[in-house]
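Take a look at the sequence and the structure below.

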Amino acid sequence: MKRLMIGCCVVVFALVGCAKHSIVNDPVFARKVIDAVYAGSLTSIRDSVSPKFELDDAWAMDMSNKVKPEFGPIKDIKLNTVGQTTPTTKEMIWTVTTESSTFLMQLVYDQDGKLLSIQLNY
């Protein structure tokens with residue numbers, strides 16, 4: 001009986017480990033996004049973006065040049081609200097706390113959980 005319970009636990013842990021990790025409400029991924037924008041290059045998140053993603057490194061560099069001087073280093077990022085959700089998109093709004101102030105980062109994901117859009121509201 002003990003072996004059966006251990007075997008069942010191993011199977012459950014294996015299934016949980018194999019489940020697809022969603023980046024949609026993941027604060028670690030949201031931090032990667034804002035770090036990429038601050039760095040002026042979206043290369044570090046390229047594998048997580050939708051083929052319909054229309055932003056590029058030029059946009060990231062432009063945003064970096066605007067946001068970094070005004071807000072300073074990032075201190076924290078927290079999920080603010082879940083925005084509009086449709087059958088094909090999900091929206092997450094994150095509060096980004098910086099040395100000087102806060103601003104909102106809106107991330108929109110497609111039905112496959114890939115990043116579709118980034119918007120900074122400050």
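Predicted model: local features only at pLDDT ≥ 70, side-chain atom pairs only at ≥ 80, totals over all residues.

Which residues of H3 are buried? They are Trp-59, Ala-60, Met-63, Ser-64, Val-67 and Phe-71. The spacing of such a list can be read with one rule. An α-helix has 3.6 residues a turn, so residues three or four places apart point the same way.

**Helix H3, end to end**

- Helix H3 covers residues 57-71, which is 15 residues.
- H3 has a kink of about 25°.
- At the start of H3, Asp-56 points a side-chain oxygen at the backbone nitrogen of Ala-58, reaching to within 3.2 Å.
- After H3 comes Gly-72, with a positive phi near 80°.

**Val-37, a residue of helix H2**

- Val-37 is found in helix H2.
- Is Val-37 buried or exposed? Val-37 has a relative accessible area of 1%, and buried means under 20%, so Val-37 is buried.
- Leaving out residues up to four places away in sequence, Val-37 touches Leu-42, Trp-59, Ala-60, Met-63, Ser-64, Ile-118 and Leu-120.
- Val-37 and Met-63 are 26 residues apart along the chain. Their C-alpha atoms are separated by 6.8 Å.

**The sheet**

- Four strands form an open sheet, in the order E1-E2-E3-E4, with antiparallel pairing.
- Which strands are at the edges? They are strand E1 (74-85) and E4, and each pairs on one side only.
- From one strand to the next, the twist averages 20°.
- Helix H2 packs on this sheet and touches E1, E2, E3 and E4. The direction of H2 makes about 110° with that of E1.

**Strand pairs and hairpins**

- E1 and E2 are antiparallel and pair over eight bridges.
- In that pairing, Lys-78 stands opposite Thr-95 in E2.
- How many residues are in the hairpin that joins E1 to E2? The link has three residues.
- E3 and E4 also run antiparallel, joined by six bridges.
- Gln-106 has Gln-119 in E4 as its bridge partner. Leu-107 is bridged to Ile-118 in E4.
- Ile-118 turns up again among the residues that Val-37 touches.
- In a regular strand the side chains alternate between the two faces of the sheet.
- The hairpin of E3 and E4 has four residues between the strands. In this hairpin, Gly-113 takes a positive phi near 80°.

**The whole chain**

- The protein has three helices and four strands.
- Along the sequence, the pattern is α-α-α-β-β-β-β.
- What share of the 122 residues is buried? Buried residues make up 36%.
- Take the contacts between residues at least 6 apart in sequence: 47% of them join residues at least 24 apart.

Terms used:
Residues numbered from 1 in each chain as written. Heavy atoms only, no water. Helix = DSSP H or I, 4+ residues; strand = E, 2+ residues; numbered from the N terminus. Expected span 1.5 Å × (residues − 1). Bend = angle between axes of the 7 residues up to and from the residue. Buried < 20%, exposed > 50% of the residue type's maximum accessible area, 1.4 Å probe, protein only. Polar contact = N/O pair within 3.5 Å; in protein donor to acceptor, adjacent residues only side chain to side chain. Pairing = 2+ DSSP bridges. Axes fitted to C-alpha atoms, helices over the stretch in contact; angles between N-to-C directions. Contact = heavy atoms within 4.5 Å.
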